[in-house]
Amino acid sequence: MMERMKTGVLIVLVALSLLQSYLLAYSMPRLGATVRSDQDYVNTERLGTQSHVENTIFPDDLIIHMGDDRHTVIYPDTQFYEMILKQRLIGREFKGFQRSPITLIDWNEVRKNDIGIELRFGSGVAVDLLQKLLKLEGDLLFLNDSIDRIWIFKTTDTEEIRTFFFSSEEGIVYESVRADLTVRDVQDYVGFGQHLPEYMMVGDDLYAPKESLQATAMTFPYETYSPEQMQRSLFFDPSTTRAIVDRSGSQIFTDGKRGLKVEQNGLWINYTNPAATQSSEVLLSENVYASVEFINQHGGWDGTHALVGTTADREQKLVTFRKYVEQYPIVSNSPFNYGQIQLTLQQGVVTEYSRSLITLKPQAQNREVRWLPGGENLEQRLKGYERRSEITALFPALRPVPMEDDLLRLDPVWAVRLSDGTEEVLADAYPVGYSPPAKPPEGGNGAGGEGEAAGDSEDASADNRDALPGGEGVASGAGARTDRVGQSNGIESSTTAGNLTGRGLSGLVADRFGNGGGDSVADLSSGKDASSDRDAGNGSAAASAGNNASGQGVSGGVGSTGQGGNEKEEEPGSLGDSEAAREDGETDLAADPPASGIAAPSGEAGTLAASRKSGYR
């Protein structure tokens, strides 16, 4: 009897042991709960729009090197930027990375002589985040690094394409020896740069436009989140919080552990959530993912934001996102903070959270043309800046200025980024109403030759267009540059019914756009020129001409001048006269070609086509 009882007890114990083993194997408690804070249990009120990590990763700017020490800069959210980045770079494969010292190549010589493109990422982006844009395959050393620049160029007098990724760690570069790029790709990038304003080197990695840059000042109406909305969003039980007012007049909500400080008359918040210090390190990319998710749950996103990066003295715990309005980043300083979202994390837990409560309306209430200084003027501003040796970047930006009636004015400025990560305003835009002095015409005589005429460009309307006449004759303006912020320093070309004529447009680029012919004419399949019709500024005119009877000579002129709006173009030559000339097989050329800005006389076979002068957005 006793033996049977022992056997039964033993069976029960074995069964219980098996049950406990099963529960341990398949019902293990989540250890992550010991790391996560109470913010996981916040029943959040969804505010703003949601976003993803890949939407916050893009280059600060693109630098186009055109050879002969000629450069241009393309900024985010502009037409050429989108065409190069999204249509020609995103998704390309880069393999076979080789680590080398940065002194491997004389980069100054490459910058001056070799055509290519730079993608600059400010303070750097972790490679595993950069893989959201590009297909990267490398060893662990490369995959665990951060990249602040990608440089793609074609070596002089060869067909070799070289691609380098610059590490945020000073003195290290990685070369991709198996990059999915061809010579034609690089030539396409450079072809876009031919139509943009030229920039000059004004220091190590600093580029300034050679002429004044047209920008736009904007005034937006806005709404704000209330402090109570953020309180409900950030505290898991708002009923346990109490509100106090400190000596500065700021309102503070606290539950004894967490705190929410509301500043700037309810327009800015600082949230703190103390957490136990963890000994293990967390990858920067994991903090970025956690930051994006936290913002999605607690306030959302007001427009486009870019990941700025971290500062070294915070051991990669500070994550900052900067707001963009159109192509401009926001740069603000105390006492009015706006345009940045900052988070500090420990083990993926947000311990500090600072942001503005302002949300801009979709459309600006007012827009004004403003000009930013360029050339020697801007260069002198740089030389006179007291922290000149600390500047690491120069870029156009918008400075927010609060106004009455819930309005926010955004004024264009030149801003600089310093070696410690701070950003400051270097120079304001010229006053409202200022226009840069007009350039003197460079020549004005029609060039005799085989069916070709060249004329100088002047400011003219961009909205009226005539059909480009048929025949062998092609006319182009003297320059081929367009300013980036709604103006040009002249794409001098015929842009009519999808025709873009310009000496600076390469045949390769023409082929990309449509049925381009040779080195001077591209036919845009979209029916539009390479420049966008948004924010059209002062137009330019280009001479265009058809053939006469013999096809040996064409005279051309320049269309009428004007700003904004629709301008009346000069009347084309008489069709009847040109037909008569064809019938007679004779050429009736003027003794002297018309001067720049004078309409072509009646009887010539050419027509005058007004060219666009607009930003490339």
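## Salt bridges

Glu93 and Lys95 are joined through their side chains by a salt bridge with an N to O distance of 3.5 Å; a salt bridge here is a side-chain nitrogen of Lys or Arg within 4 Å of a carboxyl oxygen of Asp or Glu. Glu93 is partly exposed because its relative accessibility is 32%, and Lys95 is likewise partly exposed, at 23%. For these classes, buried means under 20% relative accessible area, exposed over 50%, and partly exposed in between, using a 1.4 Å probe and protein chains only. The model is predicted: local features need pLDDT of at least 70 and side-chain atom pairs count only at pLDDT 80 or more, while totals for chains, interfaces and linings use all residues. Residues are numbered from 1 along each chain as its sequence is written, and side-chain values use heavy atoms, with hydrogens and water left out.

A salt bridge also connects the side chains of Arg387 and Glu424, at 3.5 Å from N to O. This pair links distant parts of the chain, 37 residues apart: Arg387 is in the loop between α9 (375–384) and β23 (391–403), and Glu424 is in strand β25 (residues 423–428). Helices (H or I, at least four residues) and strands (E, at least two) are DSSP runs, numbered from the N terminus. Arg387 is partly exposed at 22% relative accessibility, and Glu424 is partly exposed at 25%.

## A buried pair and its network

By the same rule, the count comes to 25 salt bridges. One of them joins Arg417 to Asp60, with the closest N and O atoms 3.4 Å apart. Arg417 belongs to strand β24 (residues 407–418) and Asp60 to the loop between α1 and β1 (61–65), so the pair ties together parts that are 357 residues apart in sequence. Both Arg417 and Asp60 are buried. Together with Arg322 and Glu423, Arg417 and Asp60 are linked in a network of salt bridges.

## Aromatic contacts

The model has 20 aromatic pairs. Rings of Phe, Tyr and Trp (its six-membered ring) pair if their centres lie within 6.5 Å; planes under 30 degrees apart count as stacked, over 60 as edge-to-face and the rest as tilted. Trp107 and Phe164 form an edge-to-face pair, 5.1 Å centre to centre with 85° between the planes. This pair links distant parts of the chain, since Trp107 is in helix α3 (residues 107–113) and Phe164 in strand β7 (residues 161–167), 57 residues apart. Trp107 is buried at 11% relative accessibility, and Phe164 is buried at 1%.

The ring planes of Phe336 and Tyr338 are at 25° and the centres 6.5 Å apart, so this pair is stacked. Both Phe336 and Tyr338 are buried. One aromatic cluster is formed by Phe94, Phe97, Phe142, Phe165 and Tyr174.

## Enclosed helices

Helix α6 (residues 183–193) is largely enclosed by the rest of the structure, because 9 of its 11 residues are buried. Among these buried residues are Asp185, Asp188, Tyr189 and Phe192.

Gln231 is located in helix α7 (residues 227–234). Gln231 is buried, with a relative accessible area of 11%. Leaving aside residues up to four places away in sequence, Gln231 touches Pro238, Thr241, Phe253 and Leu260, where contact means heavy atoms within 4.5 Å.
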